[in-house]
Amino acid sequence: NVYFKANYSINSNNEPITGGNCTIRFNISGSYTQLYQMNYNDTSRLFEYNRSFTSRGNYIFNVICENNTYDNLNTTDGFYISNTAPFIIGYYGEENPNTQTCLEDSTCTYDASLNFSEDDLVDRPLSNYQTTGLAAPFDSCVSINSNTGVVTVACTNSDQAGGPYNLSIQVIDGYGAAAVLLTKWNITAVNDLPVISYTGCSGSTCTCTEDTLCTIYINGDDEEDGAVSDGSGALGNLSFMENSTFFDVNHTTGLIQFTPTNAQVGTHYVLVSVNDTVNGTSYDTMTLVIQNKNDLPNITYACDSSLEQTEDIAFSCYINATDIDASDQHTYTANYSWFNFSCTNVPVVDGNSSCLVNFVPEDISVYAHWINITVTDSAGAQDSVVINFSVTNVPDTPYFDNITNLTAYTYAPFYYRVNATDDDNWTQYGETIYYHDNTSLFDINVSTGIINFVPTPEQNGTHWVNILSLIHISEPTR
């Protein structure tokens, strides 16, 4: 408190004016406050008043003393309130008053403003906080909000564990006065789990191809136990595991190496784990994509492979093929168009497809043939098989081109060619046609079918002539 005293007396001997009254007022912010009653002290024989001030600075006060007998007193004077430094009002901690504990890899906060106070209103709230006395490795863990005084401690490395570390927190008021609070910090080490990554993958998605050797490395990086990457490093400190039925990981190096099969084509999710020396375990889901590689179709049955048939008798058989690519379609072809079937884009069902061959052999198919049957899948992969297909000829009756009634004149040369056709001429060894007639008018050329003669008067009249064609089959030498 600041004490203010007024001497209201009769003379230089300080004889107080009895029955007097003194009041006091203050100019703090540019104008006077209300009047306050001053009290007379019998011991000091003075009028007194005391109060405190919450802000430093230069101020004015005015005292007025009054009495009905003597002159009134009205005087003004100035005074200065000096700065008050911030001060510590107590400790607020989790354990001992000034000792804090924080776990590695955790974030801890400490509100230092609760430990300080300040009498000067102009400095409230305190807003200039700093940390001092920090040393490595703890210094990199600490930050402070200079306005609020909240300290944040976040140690993320096992090398920073330990203590106690000194942390001094200083607050400075607007006049430069300071107060310092010393705290101590213990950082408790926490085992860090291994960090999982992969070599040969895009992130955690690993892609392999059917029938192709696939190589993947699971990598582990552990703060305490070191790193194993691409099969080398701190071998023995980390252990690698997985739950796949397709492969086994090398528990020490993290190597995965296998050749996918067609049955494994698709997307699979594999749980991967890495374990450190104190049984700290990290888990990750690896997405394993096995891409299909087109597999060749395989003809397993083709019409009993060797067949003997007869012309003009219906023939049918099945061609069967297998394919482990479930979504494939098969197209069947042959090297002879008369070996007739229509099997385009036949679906593969349960790994199999079938094609029905169904036609009637004609002259063009007579004799022995090597039939090359090919099956082609959706990606163009093929398989072929050759079968021996033999057709026995059945002689066909020759037939004439249309012959109308003909007229010949006596003594005029007559010429006409009879033309007979036989389908058997389409066979590979063919047949020969011979011509005959039953008339005495002329003799038809046996080989060419040409009629050439000069009628005589004795031959006048209408004649019915029967022309006959005969075939002769010339069998080849086998």
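Guide: Buried means under 20% relative accessible area, exposed means over 50%, and partly exposed lies in between, with a 1.4 Å probe and only protein chains counted. This is a predicted model, in which local features need pLDDT of at least 70 and side-chain atom pairs count only at pLDDT 80 or more, while totals for chains, interfaces and linings use all residues. Residues are numbered from 1 along each chain as its sequence is written, and side-chain values use heavy atoms, leaving out hydrogens and water.

Visitor: Is His369 buried or exposed?

Guide: His369 is found in strand E32, residues 367-376, where strands (at least two residues) and helices (H or I, at least four) are DSSP runs numbered from the N terminus. Its relative accessible area is 2%, and because buried means under 20%, His369 counts as buried.

Visitor: Which backbone oxygen lies 2.9 Å from a polar atom of the side chain of His369?

Guide: A polar contact is a pair of N or O atoms within 3.5 Å; within protein, one must be able to donate a hydrogen and the other to accept it, and residues adjacent in sequence count only if both atoms are side-chain atoms. The backbone oxygen of Tyr367 lies 3.5 Å from a polar atom of the His369 side chain, whereas the one at 2.9 Å belongs to Ser365.

Visitor: Which backbone nitrogen does the side chain of Asp377 reach at 3.0 Å, besides that of Gly380?

Guide: Asp377 lies in the loop between E32 and strand E33 (382-392). A polar atom of its side chain lies 3.0 Å from the backbone nitrogen of Gly380, and the side chain also reaches, at 3.0 Å, the backbone nitrogen of Ala379.
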